[in-house]
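Open the model in your viewer and show it as a cartoon. The tour starts with a note on residue classes and then goes from stop to stop.

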Amino acid sequence: MKKYELERRQYVIGGLALAVVIGYIVRLVFLQLIPNDYEQIAWNNALYRKVVYPSRGAIYDRTGRLLVYNQPAYDVMVITRELSDLDTLDFCNTLHISRQKFEERMKNITDTSKNPGYSSYSQQLFMPQISATDFQVLQEKMFRFKGFYIRERTTRQYNYPYAAHVLGDVAEVSASDVDADSYYRAGDYIGKLGVERSYESVLRGQKGVEVLLRDARGKIQGHYRDGADDRQPEQGKDVMLSLDIGLQALGERLMQGKRGSIVAIEPATGEVLCLVSSPTFSPFDLLGKQRGSNIRQMLADPNRPMFNRAVSGTYPPGSTFKTSQALTFMQEGIVDPNTTYYPCNGGFHYKNQKLGCHVHQSPLSLKPAIATSCNGFFCWGLFNMFGNRTKYPTVQDAMTTWKDYMVSMGFGYKLGIDIPGEARGMIPNAEYYDHHLGRWNALTVKSISIGQGEVTLTPLQIANLGATIANRGYYITPHVVKAIKGGHIADSLLERHYTKVSAKYYSEVVSGMRSAVTTGTCKGAQSPWYDVCGKTGTAENRGHDHSVFMGFAPQHDPQIAISVYVENGGYGATFGVPIGALMMEQYIRGELSAESKARAAAISNRSIN
């Protein structure tokens, strides 16, 4: 019995000894091979990984004029784990902040709900963009403020107070930005609007890192392993825009005191020459510490200066849309260049249905109908198309055919311009009318033939219509970036999009638009230097009508297609035509004549309440 107990004790003791040995082995493996807080603390005490931010790519206009560049900036960063013996009063006085603001900022930094990327081991942004004077004073005192660092980087600066909606801006990343892309961490900067946003991955470059060795007091002793683990930053690529900043500047001056937009496109390339939205703001308003307050002020402004009307605004296109109807009716065999309809007699009349028109000769064939902007001609065209039961078994079939033509011309969907915020506009289809109207026919929807009713387009789409007509049947996706240094723009931005209409019918519409300038509603666009083709629009509105112009020049070698949309501007000839004429002259000739300068000054000084 005693022998049995002795043997049992030997097993117990041996087992305990073995367990101790195994425990030591496991602990050693854990300490040596598996990452842990002790190892992290040791490494952070000895090494400091300094992120080196790349220089952001510069932005130029199509002529090589520098629009956006970089200038030095200094951010105050903090590693909260390293904070010790801080003279808070001295620190706050150095940065000209209150103790309350200091505590509030530190609280926000460590609050993971407000700062999801927080880590006590990594640098966190304490204060962005301190002045050069504060930087010099702080740099001399840094040895007193253990745990704080200065991050040198660059901020954007501008040479011109124009094109804010296109250029966009750069600001601190949001929590959603950090979640969406592992490249960013709290305190980084990202493009927020315009080209800065859509070409962020091109402009930002790639971060570098310097691994630095620290002594027991935290002072930097040099590069770890002589810089073997360092990685140099890659500078962002420079971008050349298709904008002509001189043309953009003229457009913004002409639209002063007005709401609306100007969009100009080079038809052969799809390059956007100017993109004006009014009212606007200066890119300088989005710089520095005043950025937030300026944005809040603009967002509260009922005139919505931050709203990019050129690509986001949707409007009835008015009579500019009649060109698309003429093309559709000819291609479908509804009309030919010699077709005339009943005498207009002030508009479209059928039984108890009426849609008014202005005074002109009547009846008219297609070209003079375009030149004089006859409502009756195009309403009859739609009526005969939608009522043709031989060609279209039902009105829904006719509507679907009509809609497909409109979509092929770039309406109803986003064109795909390379800046954020583009709207698609509205091209109704049969299902829309079935749902909203129940029973309907051509008479019910006749106003869509003259660019009213449910039809809405963006000013970009109206300008693109002008470019498509100038090209006699195709367009290239409008884009604001012309070239990327060391890269290329997306192939989708260079693709030709052909419509469903033959080129021969476009030539007929071109002749009609030329007649509109020589003898019709666009006489104010006539030029002694080149042949202009144009189409006015007076888009009905609950208040004053909108003034619209769409055109291109020269007729046989188009260099510019343009749309002008002035909200509540009245007739197309009141604002749309003269503004369009001045913009085309500036671009084609490179300058305005003395007489044109006087007209430009007069238009700039005219406001619309």
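For the class counts on this tour, Ala, Val, Leu, Ile, Met, Phe, Trp, Tyr, Cys and Pro are nonpolar, Asp, Glu, Lys and Arg are charged, and the others, Gly among them, are polar. Keep in mind that this is a predicted model.

**Whole chain**

Zoom out. The protein has 21 helices and 20 strands. Its C-alpha trace spans about 125 × 75 × 45 Å along the principal axes. The radius of gyration is 33 Å, whereas a compact globule of 609 residues would have one near 25 Å.

**The largest pocket**

Select P128, Q129, R153, E172 and Y189. The largest pocket has a volume of about 1,200 Å³. Of the 50 residues that line this pocket, P128, Q129, R153, E172 and Y189 are the closest to its centre.

Now colour the elements around the pocket. Which ones each supply at least two residues of the lining? They are β3 (66–78), α4 (99–110), β4 (124–130), β5 (148–158), β6 (170–172) and α11 (291–300). Colour the lining by class next. The lining has 22 nonpolar, 17 charged and 11 polar residues.

**A helix pair**

Select residues 88–95, helix α3, and residues 132–141, helix α5. Their axes lie 9 Å apart, and the packing angle is about 155°. Angles over 145 degrees count as roughly antiparallel, and α3 and α5 are therefore roughly antiparallel to each other.

Show side chains at the contact. From α3 come D90, F91, T94 and L95. From α5 come D134, V137, L138 and K141. By class, the residues of this contact are four nonpolar, three charged and one polar.

Step on to H96, in the loop between α3 and α4. What is the phi of H96 near? Phi is near 60°, a positive value in a residue other than glycine. Most residues other than glycine have a negative phi.

**Two cis peptide bonds**

Most peptide bonds are trans. Two stops here have cis bonds instead.

- Select S278 and P279. A cis peptide bond joins them, with omega about 0°. P279 sits in the loop between β12 (271–278) and α11. Helix α11 also supplies at least two residues of the lining of the largest pocket.
- Select S362 and P363. The peptide bond joining S362 and P363 is cis, again with omega about 0°. P363 is in the loop between β14 (353–356) and α14 (366–372).

Terms used:
Residues numbered from 1 in each chain as written. Predicted model: local features only at pLDDT ≥ 70, side-chain atom pairs only at ≥ 80, totals over all residues. Heavy atoms only, no water. 1 Å grid on protein atoms, 1.4 Å probe; cavity = no way out; pocket = protein on both sides within 12 Å on 5 of 7 lines; lining within 4 Å. Points joined across faces, edges and corners; volume = space filled by probe spheres on them. Helix = DSSP H or I, 4+ residues; strand = E, 2+ residues; numbered from the N terminus. Axes fitted to C-alpha atoms, helices over the stretch in contact; angles between N-to-C directions. Parallel < 35°, antiparallel > 145°, perpendicular 65-115°, else oblique. Contact = heavy atoms within 4.5 Å. Rg over C-alpha atoms; globule rule 2.2 N^0.38 Å.
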